Amino acid sequence: MKLDKPIFTFSFDDGHPNDLKLALLFKKYSIKATFYITIQNSENPVMTPSEIRKIHSMGFEIGSHGLTHRRLPAISLEAAEQEVFLSKKKLEKMLGEKVKAYCFAGGKYQTRHLKLPLKAGYLFSRTTRLLRLCHPVEGSLLHTTMQYYPLTTLGYLKHLVRRPNVLAWRLFFNSIGHCGFNAPPKKLGRYLIDMAISEGGCFHLHGHSYEFSSKRDWKEIEELLEYAGSKKQCRCLNNSETFLTLSASRF
Ligand SMILES: [Zn+2]
């Protein structure tokens, strides 16, 4: 089954201050996005509440990425519950509206954690599963198509071996055929955008703005956003809108 109109959705994790610069680029190309915020993070700096409110006031969705960015499997179930519940409460107090989207820190979770976001009142949880262009919704999970990161072909292969999916395998081999081995994200991104259009699918790029340090990094992500923004035959939605649209269409 194909979508009437292909969907593009973008999500960036961790709430690094570079998200402010990225949000301006999204605005420039009329692209909607979801920023997954962690309230504290010992690994990287995070935005202040007023900076988070600024991104929100620009029209972007704010999702929760946990309280402290600790990986749920590494902590007790009680602590995991705090990560999921308290981060929602704090963000909602900060923003004055419901937070619907949750994203597992480090993409790590176990079966016992799946019910926590639903129990806390989130609509869905975004994962870090890759190469999902068709049928990226699985229960309450929203999978992605690519990470904006120079992941090698071997990296994608290892990912697929751990989380096999027939359609993802097909996309993996097709992408090697079209982009070659170890394609840089800007090349792979263009190919996957084109595939979403031709297959009537959903292109979902996720990433981390703290990985953009050089002028070249910013130029390359801007070029990809400009490319996506030029595809007027597509719907650009935030993650919650994407989840709702895909769930309703049973896609
Ligand atoms: Zn993260």
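Analyst: **A loop residue and its setting**

Leu-131 sits in the loop that runs between β5 (124-126) and β6 (137-138). Strands here are DSSP runs of E with at least two residues, helices are runs of H or I with at least four, and both are numbered from the N terminus. The model is predicted, so local features need pLDDT of at least 70 and side-chain atom pairs count only at pLDDT 80 or more, while totals for chains, interfaces and linings use all residues. Residue numbers start from 1 along each chain as its sequence is written.

Leu-131 is buried because 24 other C-beta atoms lie within 10 Å. (Buried means 20 or more other C-beta atoms within 10 Å of the residue's own, exposed means 12 or fewer, and partly exposed is in between; C-beta atoms are placed from the backbone.) The phi of Leu-131 is positive, near 60°, although the residue is not glycine. Most residues other than glycine have a negative phi.

Asn-182 also has a positive phi without being glycine, near 50°. This residue is in the loop between α6 and α7. Asn-182 counts as partly exposed, because it has 15 C-beta neighbours inside 10 Å.

(Axes are lines fitted to C-alpha atoms, for helices over the stretch in contact, and angles run from 0 to 180 degrees between N-to-C directions.) Ser-175, His-178 and Cys-179 of α6 make the contact with Lys-187, Leu-188 and Tyr-191 of α7; contact means C-beta atoms, placed from the backbone, within 7 Å. Three of these residues are nonpolar, two are polar and one is charged. (Ala, Val, Leu, Ile, Met, Phe, Trp, Tyr, Cys and Pro count as nonpolar, Asp, Glu, Lys and Arg as charged, and the others, Gly among them, as polar.)

The largest nonpolar core holds 59 residues, and Phe-35, Ile-62 and Phe-203 have the most contacts inside it. (Such a core is a set of buried Ala, Val, Leu, Ile, Met, Phe, Trp, Tyr and Cys residues joined through C-beta atoms within 7 Å.) Leaving out residues up to four places away in sequence, Phe-203 touches Phe-8, Leu-133, Thr-145, Leu-192, Ile-193 and Ala-196.

Asp-13 is part of strand β1. Asp-13 is buried because 27 other C-beta atoms lie within 10 Å. Beyond its neighbours within four places in sequence, Asp-13 is in contact with Tyr-36, His-65, Cys-103, His-206 and His-208. From Asp-13 to Thr-34, 21 residues apart along the chain, the C-alpha separation is 8.6 Å.

Leu-3 belongs to the segment before β1 (7-13). With 18 C-beta neighbours inside 10 Å, Leu-3 is partly exposed. Leu-3 and Leu-246 are 243 residues apart in sequence, yet their C-alpha atoms are 8.6 Å apart in space.

Last, the whole chain. The protein chain has nine helices and ten strands, and 43% of its 251 residues are buried. Of the contacts between residues at least 6 apart in sequence, 72% join residues at least 24 apart. The C-alpha atoms fill a box of roughly 45 × 35 × 35 Å along the principal axes.

Notes. Two residues are in contact if their C-beta atoms, placed from the backbone, lie within 7 Å.
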